[in-house]
Amino acid sequence: MARAFAPGKCILFGEHAVVYGQPAVAVSINAGVEICVKRSDSWVLEGMPFEPSRHPHISHILDDIFQYSGVPLEIDVKSGLFSAAGLGSSAALSNAMGAALHELTNPGEKLDLISLARMGHSAEANAQKGRASPTDTATSALGGCIVVSGNRVKGAEHVFDAKLETPDGSRTWSISRAVIPEIDDVWLVLGFTGIGSPTGKMVAGVSKLLKEDPQKMVEIEAIGAITNAGLKALSEGHMEGVGEAMDACHERLRNIGVSCPELESLITAAKGHSLGAKLTGAGGGGCMVSLTREPKRVAECIEIAGGRPLISKFSSGGARILKQEN
Ligand code: PMV
């Protein structure tokens, strides 16, 4: 038997602009996906017969990455993430599966987090018809604060480059780790609107807007500049500055049409007790995030406004093998 955990993620700055080569900054959160795999007599997922075509991430990791041909497995999944909410639940699922299978097939052998991030990215790309940025999978695998960009970013430690052949041509990304001080007096509170929002549709909407109104590219460039300023504030541990950059980023995201009334209402509710608050991920539903010194207060405000809150430490560890329970 082997067990592994991989965290979800939250984008602090740069969503949508990253599609146009600007940098994005994401942090891992406490909540994530835990997977337990056990050798068994038949293939079982969550107590039901496993149907590979319904679970493309898991079957890609089993068949294409590990080329697993051993005895059938019983797979159990525990998720602490809202799904289709921009928290990277499919990336966490892929990474947890990769890590658990690594432990089952190579017990005790060190888990290489860069290989795991590549594995997860490949599973996401396979499930999303070749279009997937490595943001979610890299942040979930490596943990901490991760910068994803078309070019190398100053002030961040380069970790690896990701490349993908997509239906729109070849894409490359530089993945770096932001060097940030220990932050233990500020939390993230995620607020789920309850509306699932497909990333592909939101990305296509922004692309249409930019074609119809090329002037809107100033918003994308502004998000890039705000991301760099937010990253600088973060590396100095200046959390008020990080919050201001989050607010500014949200204004620009609103200007490109990716907010919605439900996100606005949760952001307004959280604002009074936040250093900054914005939508996180693709928008159009999904989640908002507040940066705060009063996480319980903000969680209450989100709940009263009709959202589902989730409190997380500012940035936590990446994917890991879990010890066997006796
Ligand atoms: O899938 P989400 O909700 O975490 O958002 C992805 C971020 C986008 O910039 C909108 C898309 C992308 O591929 O980077």
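How far does a polar side-chain atom of K9 lie from an oxygen atom of the ligand? The distance is 2.7 Å. This is a predicted model, where local features need pLDDT of at least 70, side-chain atom pairs count only at pLDDT 80 or more, and totals for chains, interfaces and linings use all residues. Residues are numbered from 1 along each chain as its sequence is written, and side-chain values use heavy atoms, without hydrogens and water.

| Residue | Part of residue | Distance to a ligand oxygen |
|---|---|---|
| K9 | side chain | 2.7 Å |
| H16 | backbone | 2.8 Å |
| T199 | side chain | 2.8 Å |

The protein covers 85% of the 380 Å² of accessible area that the ligand has on its own (Shrake-Rupley method, 1.4 Å probe).

Around the ligand are 13 residues, each with a heavy atom within 4 Å of it. K9, H16, V18, T199 and A282 come nearest. By class, the shell has five nonpolar, five polar and three charged residues; Gly counts as polar here. Strand β1 (2–13) and helix α5 (199–212) each supply at least two of the shell residues. These are DSSP runs (helices H or I, at least four residues; strands E, at least two). Domain 1 (2–180) and domain 2 (187–313) both contribute to the shell, so the ligand lies between them. The domain bounds come from an automatic or database assignment.

Technical notes
A polar contact is a pair of N or O atoms within 3.5 Å; within protein, one must be able to donate a hydrogen and the other to accept it, and residues adjacent in sequence count only if both atoms are side-chain atoms.
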